Amino acid sequence: MQTASIPSPSRPMPQLPNVLERLGLTSYQDALVENGFHSWETVLDITEEDMTALNFKLGHRRALQREIATFRGLPSTLALDDANDPTALSTLALETLTRQTSTPILREKRRYRRHPRPDNNAPKKPKTAYVNFADQLRTDPEISMLSFVDIAREVGRRWQQLPPEQKRIWESHAARTMQEYEARMDDYKKTENWRKYQAYLIDFKGQQQFGKASSRPSQSRTATSSSNSYTPMRDYSRASPSASSESPTSLTSSAISLGAEAEICHNALTLAFSELVSLRGEILGQSVRPYDAQHLPPEGLVKKAMYAFVQGTGSLIYMWTYIQVDEILDRIYRPQKPVDAMTLAECFTVAAMGAHYDLDCFPDRIRRVLYASGTLCFNEQTARFDYLRTMRLLLATAFYALLEKHMSARHVIVAGLQIARWKCPGMVHPASESTTDTTTWQRLFRSLIFMDCWLSYTLGYTSEVTPQDIAIACPIPCGEVSIDEQIHMQTSKIGLVAAEISKAIATPELATRENIQMLADRLKIWQSEVPPMLSIASLTSTNPPPMTLYQRRAILMVHIMYLGATILLYRQLLVATAETQLTDGVAWSLNISLEDAKRYRNECALAGQQVARILRLISFDGTLTKRCWLIIYWAFTACIVILYSATTKLLEGQVDGVEQDLVYGKACMDMLEPCRPFEPIAARYLDILWPLYDTLRDIHHRMMGRAKTSIYALLQGDAHTLSPPIPVSKAEMGPISEKLSALLTDPFGRRHDLGGSSRRILNGDGSCSVFWWR
């Protein structure tokens, strides 16, 4: 009798994705990898219980079990064992075959890996783009009539053939739902249930580690310390061949601690690069050729773009200097040795950002190709050779994502902050003298802090920055400090205060007297600590301190951020006051008197007017890009606050002051108009604001006309004496007030409810008509 043969131990293992694709089981790949079955070799020992826990359908289980049995050498004529047996069917098949042959099994069986029970209280992780696509496809009657295996194969085939622009729609939706899931997870991590589950995980891992050590002591790795419960990571601390002394501001990574900070940092890097790949895929999916060392853009245009970026941002946030830009260009266009990948990434990324500031350098298509080319040279392998340059490139790619309104900016910034904290203990010694590397590191840390705070309070996320970060990145200056350094420090500090305000007063219920007073004191402290030469009074005096035009504008933008923080502090009260007016006081439920609320409302409106005044001092003359997100956002926010003030006054019948509010509101919109052709969000903002402004202006003129032509006015001796103002109806003002409330508290539609569903309305090009960030 001829017996089947066991596969030789030297037989090459197939790739898991290839096997799953051939079987039509690609939809299970993510679940398998997440639960420890990351290769075909590990899947060989999967059990019936495992597949049940992973929600394998019955037909799919049998297909995979048959494939495992065939790979092990079990003839297809031999039936699989009873599915009700909890033992692995693949293992039973192997044992049956072993009894039929005397050939020993040379490969050691993988021990079963137990998994902790899931946290049933945690928010449910959303589905991936592929799974959502598959669910939608299964609603087609022609597809649903197929077998499970054929459905999986058809879904995989159609997903591969899906045009990039349509695939982007599914991926955009999945990315947004993942962002919402992460926001819910941030809230869940503050609960007792989360703390209990973390305690359970620690206990579970301890038991697993103890069981592994006691049952298999002879196979423990000598490189693993018995005191560590984590898996040691590879040592990526070797110096990069490219990180020579000729590299601009190069800091070679020193010995890396294999502790929790290293693991968190590397995990953050992995997530950041996955986001960069997503943004890059949207660009390279258009069949364009990326740039590389043999295919370079013209040096003159690259230099012009890089200089434009340093000039436009250098006084507000630190990334590169002109000297470093020249060194990068020399290393690429006049190389003395092969150009390293990090230098190419720096050149292409800075040039891409510079094209935002100087629109004459490169068209939009070339700008995107430059960015994609930079990310091709910047990956996890190159990132772990030189962490200082990696911090800088993460900051730059996040800045570019911010300019493109892409949500990858958040994850990239988090990775940069993790590196900054991880390298902090080995670099900063207060007792020692400051070195060039330490100073550069602190400057980059400050820029990362500003970016994270900015994203957090504009997009509604919890900031990753802590007061300890500020203390390290913005130390008390010793001796003379340059104007740029002072601007950078104040930018980071006010950014943190604004992020704290956004987090502490996220809803009207949190706008208590105590919270408002505490945060108002924080703003006063910041204002009192601003150096005199950075004050508005100093800038507008007859003898201002010597500084460049870019430094002056950077200072004005810092003060806009301070006024913006004031608006964040009082905006919830503004909304609550308007609701109270519309409901005749029924909606008021705060522990603040209406008189105090009106005072806070006036302070908020005054802050908006001051923003409008400062915006008048900033003109777009080439030094600021017409895509400047900071200017666009605060011009829009200040306009909303000012129009809100006009709406409230009209509701109260107070005509005085409405004309002034409308003038300031129009000034903000006039600031946005030059941005309309270049920035789609500015165009959308204006399309929302102009109708509201026109409506309020017409109502105001109508009220003034009523007053002038009333009988009371005709009977007055003085023709210029007007009758008492006539209040407008709540029915007329209600929609305007509600629209302004929604824009003020949620400018990007993150909490916008569409018929009870949290799904966003996607446009044909993958953009979203509610949430404007991709």
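Buried means under 20% relative accessible area, exposed means over 50%, and partly exposed lies in between, with a 1.4 Å probe and protein chains only. With that in hand: of the 774 residues of the protein chain, 51% count as buried.

A word on what we are looking at. This is a predicted model, where local features need pLDDT of at least 70, side-chain atom pairs count only at pLDDT 80 or more, and totals for chains, interfaces and linings use all residues. Residues are numbered from 1 along each chain as its sequence is written, and side-chain values use heavy atoms, with hydrogens and water left out.

Now the overall build. The protein chain has 31 helices and zero strands. Helices here are DSSP runs of H or I, at least four residues, and strands are runs of E, at least two, numbered from the N terminus.

Next, contacts. A contact means heavy atoms within 4.5 Å. Take the contacts in the protein chain with a separation of 6 or more: 74% of them come from residues 24 or more positions apart.

On to the cores. A nonpolar core is a set of buried Ala, Val, Leu, Ile, Met, Phe, Trp, Tyr and Cys residues joined through side-chain atoms within 4.5 Å. The largest one has 178 residues, and Trp-320 and Leu-630 touch the most other members. What does Trp-320 touch, not counting residues up to four places away in sequence? The list includes Val-310, Ile-328, Met-353, Arg-392 and Leu-393. Another core lies apart from the largest one, with 18 residues, among them Leu-16, Trp-40, Leu-64 and Ile-68.

Now the rings. How many aromatic pairs does the structure hold? It holds 20. Rings of Phe, Tyr and Trp (its six-membered ring) pair if their centres lie within 6.5 Å; planes under 30 degrees apart count as stacked, over 60 as edge-to-face, and the rest as tilted. Trp-40 and Phe-71 are edge-to-face, at 5.9 Å centre to centre with 90° between the planes. This pair links distant parts of the chain: Trp-40 is in helix α3 (residues 40-43), Phe-71 is in helix α5 (residues 58-72), and they are 31 residues apart. Buried or exposed, Trp-40? Trp-40 is buried, at 1% relative accessibility. Phe-71 is buried too, at 9%.

Compare Tyr-371 and Tyr-400. They are stacked, at 4.1 Å centre to centre with 10° between the planes. Tyr-371 lies in helix α16 (residues 364-377) and Tyr-400 in helix α18 (residues 387-403), so the pair ties together parts 29 residues apart in sequence. Tyr-371 is buried at 0% relative accessibility, and Tyr-400 is buried at 1%.

There is a cluster as well: ring pairs link Tyr-130, Phe-133, Trp-159 and Trp-170. Look at helix α7 (residues 129-137), where Tyr-130 and Phe-133 are among the buried residues. The buried residues of α7 pack against α8 (141-144), α9 (148-161) and α10 (164-188).

Arg-443 lies over the face of Tyr-318, at 5.4 Å from the ring centre. The rule is that NZ of Lys or CZ of Arg must be within 6 Å of the ring centre and within 35 degrees of the ring normal.

Now a record. UniProt, in an unreviewed entry, places the feature "transmembrane region" at residues 554-573 and 629-646. UniProt positions are given in the numbering used here, feature names are shortened, and annotations may be inferred rather than shown by experiment. Residues 554-573 are 100% helix and 0% strand, with end C-alpha atoms 30 Å apart. Residues 629-646 are also 100% helix and 0% strand, with end C-alpha atoms 26 Å apart.

Ser-645 lies in helix α27 (residues 629-651). Ser-645 is buried, at 7% relative accessibility. Leaving aside neighbours within four places in sequence, Ser-645 is in contact with Ala-605 and Asp-661.

Glu-579 is in helix α25 (residues 549-582). Glu-579 is partly exposed, with a relative accessible area of 40%. Glu-579 and Ser-737 are 158 residues apart in sequence, yet 8.2 Å apart in space, C-alpha to C-alpha.

Leu-296 sits in the loop between α12 (260-284) and α13 (299-313). Leu-296 is partly exposed, at 26%. Leu-296 and Leu-344 are 48 residues apart in sequence and 9.6 Å apart in space, C-alpha to C-alpha.
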